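Please open the structure in a viewer and keep the selection tool at hand.

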Amino acid sequence: NQIVSYIWSTGETTQNIDITTGGTYSVTVTDICGTTAEASLGVDISELDTSFDPDIVQGPLANCAVPLLAQANNTNFNIVSYEWSTGDNTQSISVTTPGTYTVTITDECGNVDSANIDIGANVFDISASIQSNETCPDTLSLLLVPINANITSISWSTGESSPTIEVLEGGEYSVTVTNDCGEEATASYMTIDTLMWPNIFFPRSEEELNKTFKPYIPCPELFFGQDYKLEVFNRWGNRVFETTSIAQGWNGNYSGNPAPSGVYMYYASWIDNGESKSAQGDVTLSR
């Protein structure tokens with residue numbers, strides 16, 4: 001039958017009602033014939049989830065500021081206000097200094113929740129470093145950190161302004177980078193090649209690289225050591241080889257005759273950019 005009236009225990013007379021507190025609610029309905037019926041329902045309002053899991057999303061550094069966006073992840077209700085610790089009341093803000101930022105969010109039902117985020121000083125930092133590859137001639141590659149630093153200028157000590165430069169002379173190289181906030185960072189690089197010493201060589205080898213004993217340098221033309229000297233000694237302490245040329249190696253001969261197979265000691269010294277360097281060890285001569 002057609003229902004003509006609804007009377008709730010709250011006094012409301014609509015088919016549907018909204019409640020904000022827990023308790024038992026009943027309704028009496030009357031049909032067109034005057035017949036009535038009643039129903040009731042107990043509601044525990046504490047079972048309703050009023051939290052909305054807010055958080056703050058940090059965007060990339062841009063125009064010297066970090067954007068922050070407040071959002072509610074689980075709410076079924078409309079958000080009516082955002083209140084930041086900065087005093088702003090918009091959903092998103094931009095900050096230019098490190099620190100802890102808090103936002104308080106309120107929904108249409110009066111539910112309140114908050115979130116905070118820590119912005120470290122490193123977010124605003126600009127830094128630079130220089131890396132080199134292993135090809136000859138050596139190439140120095142500029143690496144900028146962080147990548148969102150919005151670099152506006154690059155200035156090498158050579159006068160170049162590109163991210164990479166080719167180095168054909170020894171010495172120290174530096175680069176200064178500037179971001180769009182006017183902040184600068186400087187990095188430097190010294191061209192020093194490491195001498196690598198073999199532990200065995202074969203004078204009768206068909207491979208030229210293994211026929212003489214001398215240090216291996218990835219880029220010989222970029223070794224700028226001075227006063228280089230290499231000495232090789234036999235097991236009795238007799239010097240069997242000596243040179244002051246890094247390009248010259250010991251061919252395994254002593255006093256014009258082939259030296260016997262065995263273990264020999266070596267000592268090398270040189271000066272690299274004003275610093276004394278040395279290397280010592282043993283090498284096996286194999287025939």
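A disulfide is a pair of cysteine sulfur atoms within 2.5 Å. The model on display is predicted, and by this rule one disulfide is counted.

Begin by selecting cysteine 64 and cysteine 181, which a disulfide joins with an S to S distance of 1.7 Å. The torsion about their S-S bond is about -130°, so the disulfide is left-handed. The pair links distant parts of the chain, 117 residues apart. Cysteine 64 lies in the loop between strand S4 (54-58) and strand S5 (66-72), and cysteine 181 in the loop between strand S14 (172-179) and strand S15 (184-190). Cysteine 64 is partly exposed, at 25% relative accessibility, and cysteine 181 is also partly exposed, at 32%.

Next, select Trp197, Phe213, Leu230, Val232, Trp250 and Tyr264, the residues that touch the most other members of the largest nonpolar core, which has 19 residues. Strands S17 (226-233), S18 (239-243), S21 (262-272) and S22 (275-285) each give two or more residues to this core. S21 gives the most, with four residues.

Now centre the view on phenylalanine 213. Beyond its neighbours within four places in sequence, its contacts include Trp197, Pro198, Phe201, Gly249 and Val283. Another core, of 18 residues, lies apart from the largest one; Ile56, Leu61, Leu68 and Tyr101 are among its members.

Finally, turn to the surface and select Met196, Leu209 and Tyr216, which form a nonpolar patch with about 330 Å² of accessible area together. Tyrosine 216 sits in the loop between strand S16 (200-201) and S17, and at 43% relative accessibility it counts as partly exposed.

Definitions and conventions
Residues are numbered from 1 along each chain as its sequence is written. This is a predicted model: local features need pLDDT of at least 70, side-chain atom pairs count only at pLDDT 80 or more; totals for chains, interfaces and linings use all residues. Side-chain values use heavy atoms; hydrogens and water are left out. A nonpolar core is a set of buried Ala, Val, Leu, Ile, Met, Phe, Trp, Tyr and Cys residues joined through side-chain atoms within 4.5 Å. Buried means under 20% relative accessible area, exposed over 50%, partly exposed in between (1.4 Å probe, protein chains only). Contact means heavy atoms within 4.5 Å. Patches are made of residues with over 30% relative accessible area and no salt bridge: like charges are joined within 9 Å, nonpolar side chains (Val, Leu, Ile, Met, Phe, Trp, Tyr) within 5 Å. Accessible areas come from the Shrake-Rupley method with a 1.4 Å probe; for residues, only the protein chains shown count as cover. A salt bridge is a side-chain nitrogen of Lys or Arg within 4 Å of a carboxyl oxygen of Asp or Glu.
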